[in-house]
Amino acid sequence: MIEDLLNRKPDKLSGGQMQRVAIGKAIVREPKLFLMDEPFANLDVVLRNQMRHELKELHKNLNATFIFVTHDQMEALSLGTRIVVMDKAVVQQIGTPKEVFNKPKNKFVAGFIGTPSMNFIEVFISNDKGLFIDFCGKRVSLDYIKTDISRYVDKKVILGVRPEDFILSDTDKGIRASIITAELIGSEVILSVKISDLYDAYIKINADNYKEGMEDIFIEVNTNKVHLFDVESEENIIL
């Protein structure tokens, strides 16, 4: 409700209020295309979530095209039906939110989409009765990959693992990860860790599995979720 704002001049409104008024003025003109540049930039978290919901409803009801420009990749994932990821004015990938998240075309897209960012570690691909990588002494099978990557055998590639694609494991089966910091985000905890004293990484786990003061956890990699990138081109080699 805006009754208490009707007597105010535009310069007396807050940044968020001015943004909402601007959207309302645009809707009245019944355009077929809305271009919105960082539409939630001046809104607090609660109002930002509310506006996202309302804009999705508007898009559904107005039968118009909405183009959003945003640096917030979570906004892009939640609002977009098609996402265009750009780097230095060059289009890196165009796809649905699921396509961009699950099948990033290159390392830039993989690192940009997702919070926290995807973890990247250089590894070698080996072939011994099947393709695999040795990750901290644990064999990670690549048998699920349908793409022919035989040309990368005995070569270095970049392994990409999202924080949520590490799995908690038993001590005797898993890889030790020393906890550096822990950030509670409601039902989940984001852990900054050192894996086997070698690699810095972020891991996202259920908050119920974290106890205050924990120093180590043991993890495995979800072998069906790993990504592999060419060291030189940084293109995803398993698409």
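Rings of Phe, Tyr and Trp (its six-membered ring) are taken to pair if their centres lie within 6.5 Å. By this criterion, a search of the whole structure, which is a predicted model, finds five aromatic pairs. Phe-34 and Phe-66 form a stacked pair, because their ring centres are 4.5 Å apart and their planes meet at 10°, where planes under 30 degrees apart count as stacked. This pair joins distant parts of the chain, since Phe-34 belongs to strand S1 and Phe-66 to strand S2 (residues 65–69), 32 residues apart. Phe-34 counts as buried, with a relative accessibility of 5%, and Phe-66 is likewise buried, at 12%. Phe-66 also pairs with Phe-68 in a stacked arrangement, at 6.1 Å centre to centre and with 15° between the planes. Phe-68 is partly exposed, its relative accessibility being 27%. Phe-34, Phe-66 and Phe-68 together make up one aromatic cluster.

Charged side chains are also placed over aromatic rings. Lys-107 lies over the face of Phe-120, at 5.0 Å from the ring centre. The charged end of Arg-139 is positioned over the ring of Phe-132, 3.8 Å from its centre.

The largest nonpolar core comprises 34 residues, of which Ile-125, Phe-135, Leu-142, Ile-149, Ile-195 and Leu-228 touch the most other members. Two or more residues are given to this core by each of S5, strand S6 (131–135), strand S8 (156–161), strand S10 (175–184), strand S11 (188–195), strand S12 (199–206) and strand S13 (216–221). The largest share, four residues, is supplied by S11. A separate core consists of eleven residues, among them Leu-43, Leu-55, Ala-64 and Phe-66. Within the largest core, Leu-228 is one of the residues that touch the most other members. Neighbours within four places in sequence aside, the contacts of Leu-228 include Ile-125, Leu-142, Ile-149, Val-157 and Leu-159, as well as Glu-235 and Asn-236.

The peptide bond from Thr-115 to Pro-116 is cis, with omega near -10°, and Pro-116 is located in the loop between helix H5 (107–112) and strand S5 (119–127). Glu-30, although not a glycine, has a positive phi of about 55° and occupies the loop between helix H1 (15–28) and strand S1 (33–37). Glu-30 counts as exposed, at 67% relative accessibility. A positive phi, of about 50°, is also found at Glu-38, again not a glycine. Glu-38 falls in the loop between S1 and helix H2 (45–62) and is partly exposed, with a relative accessible area of 23%.

Technical notes
Residues are numbered from 1 along each chain as its sequence is written. This is a predicted model: local features need pLDDT of at least 70, side-chain atom pairs count only at pLDDT 80 or more; totals for chains, interfaces and linings use all residues. Side-chain values use heavy atoms; hydrogens and water are left out. Buried means under 20% relative accessible area, exposed over 50%, partly exposed in between (1.4 Å probe, protein chains only). A nonpolar core is a set of buried Ala, Val, Leu, Ile, Met, Phe, Trp, Tyr and Cys residues joined through side-chain atoms within 4.5 Å. Contact means heavy atoms within 4.5 Å. Rings of Phe, Tyr and Trp (its six-membered ring) pair if their centres lie within 6.5 Å; planes under 30 degrees apart count as stacked, over 60 as edge-to-face and the rest as tilted. A charge sits over a ring if NZ of Lys or CZ of Arg is within 6 Å of the ring centre and within 35 degrees of the ring normal.
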